[in-house]
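Subject: Structure handover

Hello,

Here is the structure for you to look through. Please open it before you read my notes.

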Amino acid sequence: IAETARLTERRMELDEDSRAELDRKQGVLLEHIDEQPEITITWFQPDEKKDGGAYLTATGRLKKFRELERILLLTDGTEIPLQNVVALESDIFQTLI
């Protein structure tokens, strides 16, 4: 009963402009990955047991991009699938975009 009462959110689809902006930001981050820039990432985490999921936000330093799996890895060990990212924020964007 508790499982069915647990709320999940629907995954929102980004429009073309939002997706293009996100792609530009991802490119900037990957160009500066050696600097381990501090970033705030919001992504959709699908629920393992039912439709929907939750939007999560984490702030940390970008350590690595595992290209084959398309996963962003933060220095604290957080792994975020790139296809689930909906927002990226970083001071690095202020000077470069």
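Below are the notes on what was found.

This is a predicted model, where local features need pLDDT of at least 70 and side-chain atom pairs count only at pLDDT 80 or more, while totals for chains, interfaces and linings use all residues. Residues are numbered from 1 along each chain as its sequence is written, and side-chain values use heavy atoms, with hydrogens and water left out.

Start with the strand β3, residues 71-74. Helices (H or I, at least four residues) and strands (E, at least two) are DSSP runs, numbered from the N terminus. In a regular strand, side chains alternate between the two faces of the sheet. In β3, both faces are covered. I71 and L73 are buried on one side, L72 and L74 on the other. Buried means under 20% relative accessible area, with a 1.4 Å probe and protein chains only.

Now the neighbours. Two strands pair if DSSP finds at least two bridges between them. β2 (residues 53-66) runs antiparallel to β3, joined by four bridges. K64 has L73 as its bridge partner. Four residues lie between β2 and β3 in their hairpin. R70, in that turn, has a positive phi of about 60 degrees.

β4 (residues 79-81) also pairs with β3 in the antiparallel sense, over three bridges. Here I71 stands opposite P81. The β3 and β4 hairpin has four residues between its strands, and G77 takes a positive phi near 95 degrees.

Last, look at helix α2, residues 16-31, which holds V28. V28 counts as buried because its relative accessibility is 11%. The C-alpha atoms of V28 and F93 are 7.6 Å apart, with the two residues 65 apart along the chain.

Best wishes

Methods: Buried means under 20% relative accessible area, exposed over 50%, partly exposed in between (1.4 Å probe, protein chains only).
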